[in-house]
Amino acid sequence: MPSLNQRQQNALRKRLIERRRQIVQDIREALARSDAELAAKLSDRVRDAGDESVMDFLEALDAALVDRDVQELRDIEAALERLEAGEIDRCAECGAEIGFERLQAFPTATRCVQCQAVYERTHAGSAGSSL
């Protein structure tokens with residue numbers, strides 16, 4: 001049985017939906033900006049190697065930001081599903097309650113504070129570097 005009351009559930013739902021709307025808008029803007037940059041790159045303007053490397057860097061940065069936003073969007077959709085199933089306040093690791101205060105701060109949280117701390121200690125640096 002969920003420990004969150006209806007007011008708390010509604011507050012989380014509203015926050016998640018607003019963040020989803022904001023991310024979708026950010027993605028659309030990034031893609032539009034990327035299209036404009038591609039058009040400028042394809043134009044007949046002369047560029048030197050420095051301009052080309054800056055353009056390549058900006059394209060890679062835009063792609064990374066969009067990837068990050070898409071992952072956050074997936075996390076939000078999963079959180080909304082857990083909310084509707086009455087499971088948003090249960091730790092995916094131990095089943096303990098995830099407090100409303102934590103969910104307010106991080107509405108896509110899937111772990112209680114204790115399990116998240118263990119996860120961060122055991123997975124520190126596991127994402128790896130691209131260098």
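User: In which helix does aspartate 69 lie?
Analyst: This is a predicted model, with residues numbered from 1 along each chain as its sequence is written; local features need pLDDT of at least 70, side-chain atom pairs count only at pLDDT 80 or more, and totals for chains, interfaces and linings use all residues. Side-chain values use heavy atoms, with hydrogens and water left out. Helices (H or I, at least four residues) and strands (E, at least two) are DSSP runs numbered from the N terminus. By that numbering, aspartate 69 belongs to helix 2.

User: Is aspartate 69 buried or exposed?
Analyst: The cut-offs are under 20% relative accessible area for buried, over 50% for exposed and partly exposed in between, with a 1.4 Å probe and protein chains only. Aspartate 69 has a relative accessibility of 5%, so the residue counts as buried.

User: Which residues is aspartate 69 in contact with, leaving aside its neighbours within four places in sequence?
Analyst: Contact means heavy atoms within 4.5 Å. With neighbours within four places in sequence set aside, the contacts of aspartate 69 are Ile23, Asp26 and Ile27.

User: What pattern does the protein chain follow along the sequence?
Analyst: The protein chain has four helices and zero strands. Of its 131 residues, 26% count as buried. Read along the sequence, the pattern is α-α-α-α.

User: Which element gives the largest share of the lining of the largest pocket?
Analyst: On a 1 Å grid over the protein atoms alone, a pocket is an open set of points with protein on both sides within 12 Å along at least five of seven lines, whereas a cavity is a set where a 1.4 Å probe fits but cannot get out; lining residues have an atom within 4 Å of a point. The lining includes Arg15, Arg68, Asp75 and Phe106. Two or more lining residues come from each of helix 1 (6–42) and helix 2 (49–84). The largest share, five residues, is given by helix 2.

User: How many charged residues are in that lining?
Analyst: Ala, Val, Leu, Ile, Met, Phe, Trp, Tyr, Cys and Pro count as nonpolar, Asp, Glu, Lys and Arg as charged, and the others, Gly among them, as polar. The lining of the largest pocket has four nonpolar and two polar residues, and its charged residues number five.

User: Which residues does threonine 108 contact beyond its neighbours within four places in sequence?
Analyst: Threonine 108 is one of the residues lining the largest pocket, and its place is in the loop between helix 3 (100–105) and helix 4 (113–122). Its relative accessible area is 15%, so threonine 108 is buried. Leaving aside those neighbours, its contacts are Leu16, Asp75, Ile76, Ala79 and Arg82.

User: Over the face of which residue does arginine 111 lie?
Analyst: Arginine 111 is in the loop between helix 3 and helix 4, and its 15% relative accessibility is why it counts as buried. A charge sits over a ring if NZ of Lys or CZ of Arg is within 6 Å of the ring centre and within 35 degrees of the ring normal. At 3.7 Å from the ring centre, arginine 111 lies over the face of tyrosine 119.
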